[in-house]
Amino acid sequence: MTNMYHQSGSSPAATLLMRVRTSGRCPPSLIGEDRVTRGDDFEAIALRTLEGGASQGLRLRSDGDAVESFELALKMARGPENVSGGLDMLHKARVIEMRRCILLAIVGSTSSSSASLQRILKNGYLIVVKSWLDDILNSAVGELAYYAISLSLIRSVAPILIKTDTPTNERCTCSYV
């Protein structure tokens, strides 16, 4: 069944990957069919967070369902243990790299005035991103090229933080270099 969030005749995964590639916000080496897992529907869930139509890019929809879907996708990107299937740990780490890149790209593509983005930030998104940085620094997920890519993508969150007065979790102290 086709819905307004993905193109007719293509899978949700193919549609999401096309939108991510078109956005230019994720390095092509991190986006690929070989990083899509079957059975957990991450791509379909991430696609449900976006404004309809391929021309809309990666902007979050402004409704509660988008926030709930984003938070579910965020949980699916926490670590290799959240990847379904009988994949080896290296392949699971590659899946997590792509998932994190996609979520960072969605946040970076969404206006800081978005009510959905404000709610996601308030719900602790920055705490999760900090844990991703910890994973990178501890070499738990990713390869050397991913470290630099992740840091540059995380910097795309900085303008949102600078422009917003949304209170975030008090445990998170963030500084921009």
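Colleague: Which way do α4 and α6 cross, left-handed or right-handed?
Modeller: Their crossing is left-handed. Keep in mind that this is a predicted model.

Colleague: And what angle do α4 and α6 pack at?
Modeller: About 140 degrees, with the two axes 12 Å apart. In residue terms, α4 covers 89–109 and α6 covers 125–137.

Colleague: Which residues make the contact?
Modeller: On the α4 side you have Arg100, Leu103, Leu104 and Val107. From α6 come Tyr125, Val129, Trp132 and Asp135. Sorted by class, the contact has 6 nonpolar and 2 charged residues, with no polar ones.

Colleague: OK, switching to α3 and α4. How do their axes sit?
Modeller: They come within 9 Å and cross at roughly 150 degrees. The cut-off for roughly antiparallel is over 145 degrees, so α3 and α4 fall in that group. Their crossing is left-handed.

Colleague: What meets what there?
Modeller: α3 brings Phe70, Ala73, Leu74 and Met76. They meet Ile96, Arg99, Leu103, Ile106 and Val107 of α4. By class, this contact has 8 nonpolar residues, 1 charged and no polar.

Colleague: Leu103 keeps coming up. What does Leu103 touch?
Modeller: Leaving out residues up to four places away in sequence, Leu103 touches Phe42, Phe70, Ala73, Leu74, Ala77, Tyr125 and Trp132.

Colleague: How many residues are in the largest nonpolar core?
Modeller: It has 37 residues. Leu103 is among those with the most contacts inside it, along with Phe70, Ile102, Ile106, Tyr125 and Trp132.

Colleague: Which helices supply at least two residues of this core?
Modeller: α1 (12–23), α2 (42–48), α3 (64–76), α4, α5 (115–122) and α6 each do. α4 gives the most, with 8 residues.

Colleague: Last topic: Pro12. Where does Pro12 lie?
Modeller: In helix α1.

Colleague: Why does Pro12 count as partly exposed?
Modeller: Because its relative accessibility is 27%, and buried would need under 20% while exposed would need over 50%.

Colleague: How far apart are Pro12 and Ala44?
Modeller: In sequence they are 32 residues apart. In space, the distance is 5.1 Å, C-alpha to C-alpha.

Note on methods. Residues are numbered from 1 along each chain as its sequence is written. This is a predicted model: local features need pLDDT of at least 70, side-chain atom pairs count only at pLDDT 80 or more; totals for chains, interfaces and linings use all residues. Side-chain values use heavy atoms; hydrogens and water are left out. Axes are lines fitted to C-alpha atoms, for helices over the stretch in contact, and angles run from 0 to 180 degrees between N-to-C directions. Helices (H or I, at least four residues) and strands (E, at least two) are DSSP runs, numbered from the N terminus. A crossing is left-handed if the near helix is turned anticlockwise from the far one by less than a right angle, and right-handed if clockwise. Contact means heavy atoms within 4.5 Å. Ala, Val, Leu, Ile, Met, Phe, Trp, Tyr, Cys and Pro count as nonpolar, Asp, Glu, Lys and Arg as charged, and the others, Gly among them, as polar. A nonpolar core is a set of buried Ala, Val, Leu, Ile, Met, Phe, Trp, Tyr and Cys residues joined through side-chain atoms within 4.5 Å. Buried means under 20% relative accessible area, exposed over 50%, partly exposed in between (1.4 Å probe, protein chains only). Angles under 35 degrees count as roughly parallel, over 145 as roughly antiparallel, 65 to 115 as roughly perpendicular and the rest as oblique.
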